Amino acid sequence: MSAASYNVMLVGKTGSGKSSLGNLLLGKKGFDPKSGWNSGTQTSHWVKSLLDGVELKITDVPGLSDTHRPEKEILRETAKSVTMVAPGPHVIIFVFSSRERYTQEQHAAYTTMKKFFTDRMCRFMIVVFTAIDDIDDVEGSRMDKLTHKITTAPPNLMEVLKDVENRYIAVENKAPEPDKRKQRLEIISMLQALCLTNKGEHFAIPEKVNALLEEEVQTVQTIQACTREEAENIVKTEIGADKKPALVEKVEKQAKSEGWWCTIL
């Protein structure tokens, strides 16, 4: 029996813990947590993993949530991430750090995402609070601290949680390995439940953008005499490593002409 496969997109501001969360979900180190602190060098990344009978293809999307970055830079990173997440994410994970208050800047980033992808993205979104164990002023379990985080949340954050129909969960960054696996399985369970609710649909990127990616994949497949899956892995990895600038530029132009509009398939 083939493994269940899910496209997952991680979004969140610099320092929110996206890289650490990505590694937790992958069950290995696929993302470098240290690189996220320097927003000037931060770029999109794509990694996949097969663990416990579940294949995850994860795209880390930094640009959309760093509103202080130049718009041109944000658009370029968005073009990269839209291509890497093709044909579209089954789940979008909005990552918040429990160490920080939910700021107006973060809410502006959320508004920016809805501008790019339309508010229908909320149908495919869950919220993950990282580093919940760093809340020192509340004693108790992970759930106790999460409850405190939610009950003291500002109105803007409550608006986000309402938009995603209260699909949220918290993880501990310093948890021992058995607890990390438990938390991973909890998130996977939430992800699978959301996919079941959505009847396996994904938030699809524009067809013309997908066609540009498919053309590049076919070219690589022919040149390297490999399978289509291998060629797709090569292309997406090289996009993340900034080795496909011409393709990204084509995607950016095409996506901008369509207003970054995505649909549901």
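Modeller: Before we start, helices (H or I, at least four residues) and strands (E, at least two) are DSSP runs, numbered from the N terminus. This is a predicted model, in which local features need pLDDT of at least 70 and side-chain atom pairs count only at pLDDT 80 or more, while totals for chains, interfaces and linings use all residues. Residues are numbered from 1 along each chain as its sequence is written, and side-chain values use heavy atoms, with hydrogens and water left out.

Colleague: Where does the backbone have a cis peptide bond, and which residue other than glycine has a positive phi?

Modeller: Most residues other than glycine have a negative phi, and most peptide bonds are trans. In this model a cis peptide bond, with omega about 5°, joins Ala86 and Pro87, and Pro87 lies in the loop between α2 (71-84) and β4 (91-97). Ala131, with a positive phi near 55°, lies in the loop between β5 and α4 (142-151).

Colleague: How do α1 and α6 cross?

Modeller: Axes are lines fitted to C-alpha atoms, for helices over the stretch in contact, and angles run from 0 to 180 degrees between N-to-C directions. The axes of α1 and α6 come within 9 Å and cross at roughly 90°, which means that α1 is roughly perpendicular to α6 (a term for angles of 65 to 115 degrees).

Colleague: Which residues of the two helices meet?

Modeller: Contact means heavy atoms within 4.5 Å. On the α1 side are Leu21, Leu24, Leu25 and Leu26, which meet Lys180, Gln183, Arg184, Ile187 and Ile188 in α6.

Notes. Angles under 35 degrees count as roughly parallel, over 145 as roughly antiparallel, 65 to 115 as roughly perpendicular and the rest as oblique.
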